[in-house]
Every structure is written in structure tokens, then in C-alpha cells.
Amino acid sequence: MAANLLRRKQLALKISISGVRGIVGDALTPQLVTSFAAAFGAYAGAGPILVGTDTRPSREMVEYAVIAGLQSVGCTPVDVGILPVPALQLHVRRMGAFGGICLTASHNPIEWNALKFFGPDGILLRPHEAAELTDLYHQGIYPRVGGAAVPQVRHDSSAIPRHLEAVRQALDVESIRRAGIRVAVDCCNGAASRATPTFLEGLGCKVVAIHTDPDRPFPHSPEPVPENMTDLGMAVRESGADVGFVQDADADRLAIADQNGIPLGEEVTVALAVRHATRRSPGPVVVNVSTSRMIDDVCSETGCTLYRTKVGEINVVEKMLEVGARIGGEGNGGVIAPHINPCRDSFVAMGYILEAMATERATIRDLRSAIPAYAMLKERMPARPRDVPVALRRLQAACVGATLDFTDGVKAIWPDRWLQARASNTEPIIRVIAEAPTEPEARDLVRMARDAMENQGESV
Amino acid sequence: MDLALRQLKIGVSGVRGVVGEAMTPELVVDFASAFGTYCGGGEVVIGRDTRLSSSMLHAAVLSALISTGTDVLDLGVCTTPAVSHAVRSRSAAGGISITGSHNDVRWNALKFVGPDGALLNAANTEELLDIYHASAFTLAPWQALGKRHVTAEASNAYVASILDAVDAATIRSKGLRIAVDFCNGAATELGKRFLDALGCQVIPLNDDADGSFAHLPAPSPANMRQLAALLRSVQADLGAAINVDGDRLGLVTHAGEALSEECVLPIVARHVLARREGPVVTNLSTSRMVEAVARQYGRECIRTSVGEGHVMDRALTESAALAGEGNGGVAALPHTTTFDALLSLATVLEAISVSGRSLADLAADLPAYHMRKAELPCPPTSVRRILDSFCERFREDRPDLTDGVRFDWPEAWLHVRASNTEPLVRIILEASSADDADRLFDECVTIARRAAWGHGGR
């Protein structure tokens, strides 16, 4: 009984290299946000800091807290409004800001919000930089400025047009325009609701856009996975589109539906983009360790070296910059082309897919068929941080005969399948991912992993 | 002074502190969260003065109120009386005016307004503080977060309401010329519109509304030198200095004589008491001039603790005709429930227009007393000792202990108290003759100094 009374509630806050993420009305309070913004201002220095947001209903509450925190330490908040996070990242570097903060819980459900922090290069804080920021926050001593030196908020609406122009310049716009591709797109009432139709029309596409009202709530969970793509599927079929796109709320990730409205699976996005980019210009490729082995197939086909990193956009970007990769990303639909924009960018992803369709005169289904298909399952198991190491050791012990990879959590690799378990960067859960030739086989792997890890009981 | 004085004051005057020191956005977020919780979900009206730091406090207040599920009517840059009026006319649950008011640019503050448009009284402030201290803030889930609305109508309605409160036609018929020092504050735009509607020609001074202060914002003669100089070089009927958040008024005659801020209340009283029933309420530190005026009209003059919250609270319970303090803050009831510089100015203009007399004449009518004031920086621990030493010195007389210690003699009075807004002890006295005032003042300062640093100095 006593144990029940003392049971801790599920935490609604996660501070990690991905930023500060929490549930509004619970742990993500204006107090927390104000202090974190002040800490970031202290970290970045007293200069202009871009502040942008996705379309979540909590954006006003969070944005005002960020602005107050930044002003208090002498930073000039530059309000860039609602915009795709890749547009903010590009703009930080372009305008020589000291850093940027984007208010977005990305693919998380609507009750969440988060702060993502970017350095002056527009790149997410590296793990050691994020650690320094967190230290500043924990110390709680910020270099406040006096009443006569408080900087005033500035507004800047040029980030979106400049971002779209930067992506366009990297594409064979002529070929895409000539192809006159019909595109259905679901913006999830998110940050790209205005920018995406503009971008696609600029590429000569005939656009049917749904869920493009940033003042309305998300029409479905913002994660770009097949179960959230029924509206897009209908839109593709009704409009006779050649391809369908769905973005997440902050427009860094993209998932694709074929000309029949059938979701290709979010893992296919980066595979298609990598195949297209490396066929045109071969070079090293970087993805995270959780990304589908479709990428291995693509890299064998085009003869490119493949690097795999820990999960987390910044880890992939860092490796790409190190090895000079021009294409890579994450299996969750995040395509990264650092020479255009050193971050996951759904506009780059759309551009590459359309360019592939146009230059190869292929349907999206044709492009998909050029890459082998696997069954992948992604599951989540609630886990306190303290329980994770034990669970992972148990899994490791259970994976007899597999090649083990410890880049991130535990990944067990067999000749035709693999299984990975790792702690989430954003939620108190263990993510379990399995990929195998068929779905029943993938399901068996997940079940094996669950059995091995859950076996530890409640004794901790 | 090597004492570490915390530059933060919390009380019936709201939350006031030095920006970047005690006044942080986190403190503001906590207090605004407490206020949103206190208001229980009803709409809250907010406005801010023009100081640079006010935009920071404004953002923190907005975030916090929204987080408690409070809908916010954001009046932007706007005076405290306009916030008060919007609260009353919309039946809002409360208001927050973000303003360092009379303090210098280093300071800022939140003034909390109740549903009656008046600053929270002592009891309500205590309730708010309990919520703050317990951190018992309402946290709305995402679906129930507050919404921010903006409107230009509120300020129009406010201007219309104070125009209604005076004989605008008579004032208009006089075509007065007024030099006005707006102190680059929140009343700049509102004040120009208002005076224009009264047919006045305004010679503006410090009207950039950018929060830069050419002088300290309190409308005392020392801070009205610029305005007085202007009046000596231009032809105008009078000069007016309006505090940054539009609560306090200072007056300068056509000849460029800056009147003591103590004169505003009695000048307004002489005009208002002839037209309206009810007593006058003022604080224990205010000049006897208003008592004399009240006596002429057979009215009672009630004195309360210092601070608008105390004075207005009593004025509302007593259905007073007028409330005010010696700092230039005056409320002509029932048209307002907060000190209102524009309404006070309009009342003075009405007095001038109706009587056909100049401001200098009206001031000359006031009985002459001699006031002396001193401020002594002082840690809270010394306050008791200082007050005790005055009780000891005047032990034959009965002290009034309502707020610090006050002695009332036939030809003089003395009030010693801790400031509501700064770590200071204030000594204020007034006597019928200048010599008596000087003699008493010298003695009081010596008593206080000696007591402040204990026996034998520090």
C-alpha cells in the first residue's frame, strides 16, 4: 500500500541533447522555459537569437517565456514567427545570429512542447555544448542586464523565402517544372502550412494541399508514419496525384505515399533520397544506427561508403561534416544534405524525390521498387532511466549468435535481420526496432526483446 | 553603504525591484502565475509603461497568465488608469500594470488591480502572496491555455470616460495652452488625444514614448525644472508633468513656478468638494493643506497608511469624494478607482475654466505650510529602533502607530515610516512656520541617524 502511495507519477519532462521537452500544464512551465532561455542566452552571448515556433496551441505561452528569458540576459530576441525548423536553422547562419531557439516538440503529441537549441552555425547544439547549457541552467546564475540595457524584440519574416530559395537553387528546377508533377501534401496544420504549397508551386507542381491551417489543431498525430497518412491517401486518390507527401509539425521530416495513396513507410524517404543523390554524385553516406538496411543496399548499388552513428540528428550531422558526406539522414523521414542545409529538411527531401521522378521519368512506385523491401517494426517500452542498463544487458545476453553493435544501446545483427533497443532521447522509454525479411519474423524479434527485457521484474 | 540591501519590495504597492537583480523574469512569471491563479480563470487586463525592461516583464507576465488558463486583454503600452478602466468596464477579474512608475530606470514593478479597478488592498495582497509563497499555481493543460487578445477600443473607451467626468464644453471654450512633460511615458499618446479632445493646445516635452527618461519620473519640482524652463520661454496657461504610468501629476504655473506635488490634491479638492458629497481620504504623510480645504467644506479628512492600495481601499469603503496622496497621485471618485493624472489634470483645467482664474491664483489660495522630507537608506532591522527613538523623544505625546509613527501637534506634525517601495526610512514633517519646520527637521534627522547605526555609530 505504502509503495502505491509513494509511486512516482510518469515524468512529463525530458532534458537531453535534443533539447528541453515536456508536457504543457505539467512540467513544461513558464518558469522552466524562462530559466532555460536565460541559460541559453548566457551560453550564446548577448547578441541576436532567432526565436521561431511550430503551430502548437501552447506556442504563445512558451514563446513569451523564451523572449523574457533571453531579454533578461541581454540577448535580442528576433521573432521569426511560425516556420519550418530547417528554415530557422538556415537563417541563424545566414544572418549571423548568435544562436536560435525553435519551439517545437516535432513529432510528439499536441500536449507536448519543447525548446530546440541551435548554435551560430544553425546546427543543433553538439552533445558537449548541450551539456554546457544544461550546466548553466543547473547553476541558475545568469548574467542579467539592468533596466536601461534590456534589448527589445525584433521581427524578421525573411527566413522562409530565403530558405525556399536556398533549396530551389540546389535542384534541377527546369526538369522538375517540365515534368509537371501532381503532388498531394498534408502539412498537418504545422509550421510548413504556408511554405510547402509555395515551394511546390514554384517547382511547377500541381498542388493539392490539405491541413494547411496553422491556427487549427493537428488533424492527426504529427508523426509521419503510415497510420497517420489516411487523409493524405484519400487526397492522393481523389486528386489523382502522382505522389503524396506528409510533413511533421516542424517540417524537418517527410513521409511519402505512392500514386495510389499507399504509404511507403517513413524509412523509404531517406533511402530514396540517398539513392537519387548518390547516383548523381557518389560519395560517403551517413545514417543513424536505427535506419533500415535499405540504405546498405542503396550504398552497395552506388558503391558508396556508409557510416552509421548514434541516433540523434546532431550525431548524424557531425559525422557528415567530418567525412564530407553530401547526403544522409535518419530512417524516421529525416533527409540531410549539409551543403544545402546542415539539418533534417523536408523541403530538401521533397525536392530530391521530385527531381528523381522528373529526371528518371519514373513513377514514385517505380523508384520504390528499385530498392529491396523489408519489414520493420518500431515499439516503445516505458522505462525509467535507471532500468535501462539492466534491460539492455538482459537483451544482450539473449541475443546469442548475433553480431553486437553498441553504437547506441544494443543492436544485434544477424545475416538477414537485426534488432535494436536503446533509450529514447526524448521520452522515458526504450525504443525497440526490428527489421527482418517478413513482418512475422520482425514481430518475433520484438517479442524476444520484450521478453528478455521485461523479465527483470519490479524489484528495482 | 556597505549593507547588502535587497532591491526588492513586495507589498500593497505590488512587486517592485531592480531589473537584473531581484527583478528577474522568473520572479515575474511566479507572481503573474500567482495572480492568474488568484483571479480564478477570469479575464485579466494588462498594460505596460514605455521602459525598455517593461517589454521583458510584459512577455513574462503574458506567458505566466496564459499558463494558468487566463485569457489576457493586452493593452500594450498604456497607463495604469487605462488598465483600471478596462478592468471595470469589461468586468474582468483583474489587471496587471507593468510599470516602475515614479522609480528611476533601473527599477520596474507589477501593480496588481482587482475587479473594482483599484490596486489590491492589504487583505487581497496577502491572499496573492500566500499563493505565491506556496507556489500553488494553476497549470492549464494545452486545451485550456489562456488566449491573448489585443484591442484599441479599451484606450478609446478610457479617454471617453474621463472626458465624461469633466465639463469638457467649458474647458474647450477656453482654448487653453498647456505645456506637458510626458516623461516619454505611457500617457504620451493617450494624453495628447485626451487634451486634444478638450480643445487644448499642447506644447509637448519628452513625448517620444521610448522609455528614455530625461529626468526622474516622479513629478516633483526638482524633476520639473525642464518643464518650468519651457514655461518661462513660451506663452502657456500652465504646465503639467505626467508620471510614466499616468498616475501622478505635477503642475507648473504660467510663470514657470513648479508647484510642490503636495499642491495637486488640495487644488483638485477645492474644486471637487464644491460639487460632490463625501469625505477626502489621504495618507498620513500628506500635507495639511487638504485638511484645511476639507474643513472649509465641512468634510472629514481621513488618513490611512501610505500607499495607493491603502488610500483607495478606504476611499471606496467611505464613498469618498476624493482620494489622493502628497506625491501628486489623485483619484476623483467615482469616475476612477485609481490615481489618474489625466483626470486630475482635466479637473484642474475645469477649475481654471469655470473660475476664470489662473493656476497660480488657485495655488495662492492654499494655506501655507512648510514641509520637510528626508530619506534615510536603512536596513529593515533598524526600522524598529528608529521608530522607538522617536517615541522616546516625544514620549509626552500620543503617537499614531498606523504606519510607522506619527505625531500631530497644533502647529506641526511628524511622520516617520519605512518606505513601501524602497529600503528607506522616510521622515516627513510639516509646520506652520519655516523656522519651526527647520528646527524640527534637524532634530529628527539627527535622531534617525543615531538610531539607524546603533549606539556609537557603526
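Predicted model: local features only at pLDDT ≥ 70, side-chain atom pairs only at ≥ 80, totals over all residues.
Two residues are taken to be in contact if their C-beta atoms, placed from the backbone, lie within 7 Å.

In chain A, helix H15 spans residues 388-398. Buried positions in H15 are A:Val388, A:Ala391, A:Leu392 and A:Leu395. Viewed down the axis of H15(A), these buried residues fall within an arc of 95 degrees, so they line one face of the helix. An α-helix has 3.6 residues a turn, so residues three or four places apart point the same way. On the other side of H15(A), A:Pro389 and A:Ala397 are exposed.

Helix H9 of chain A, made up of residues 230-239, has its own set of buried residues, namely A:Leu232, A:Gly233, A:Ala235 and A:Val236. Down the axis of H9(A), the buried residues fall within an arc of 165 degrees, so they too line one face of the helix. The partners against which the buried residues of H9(A) pack are strands of chain A: S8 (182-186), S9 (206-210), S10 (243-247) and S11 (254-257). Just after H9(A), A:Gly240 takes a positive phi of about 60 degrees.

The contact between the chains takes 29 residues from chain A and 29 residues from chain B. On the side of chain A that touches chain B, helix H2 (30-44) and helix H3 (59-72) of chain A each supply at least two residues. H3(A) gives the most to this side, with nine residues. By residue type, the side of chain A that touches chain B divides into 13 nonpolar, 12 polar and four charged residues.

In chain B, B:Asp30 lies in helix H1, which covers residues 25-39. B:Asp30 has 23 C-beta neighbours inside 10 Å and therefore counts as buried, the cut-off being 20 or more. When residues up to four places away in sequence are not counted, B:Asp30 touches A:Gln31 and B:Tyr132. Along the chain, B:Asp30 and B:Tyr132 are 102 residues apart, while their C-alpha atoms are separated by 6.7 Å.

How values were computed: Residues numbered from 1 in each chain as written. Chains lettered and ligands numbered in written order. Buried ≥ 20, exposed ≤ 12 C-beta atoms within 10 Å, placed from the backbone. Helix = DSSP H or I, 4+ residues; strand = E, 2+ residues; numbered from the N terminus. Arc of directions from axis to C-beta. Nonpolar A, V, L, I, M, F, W, Y, C, P; charged D, E, K, R; others polar.
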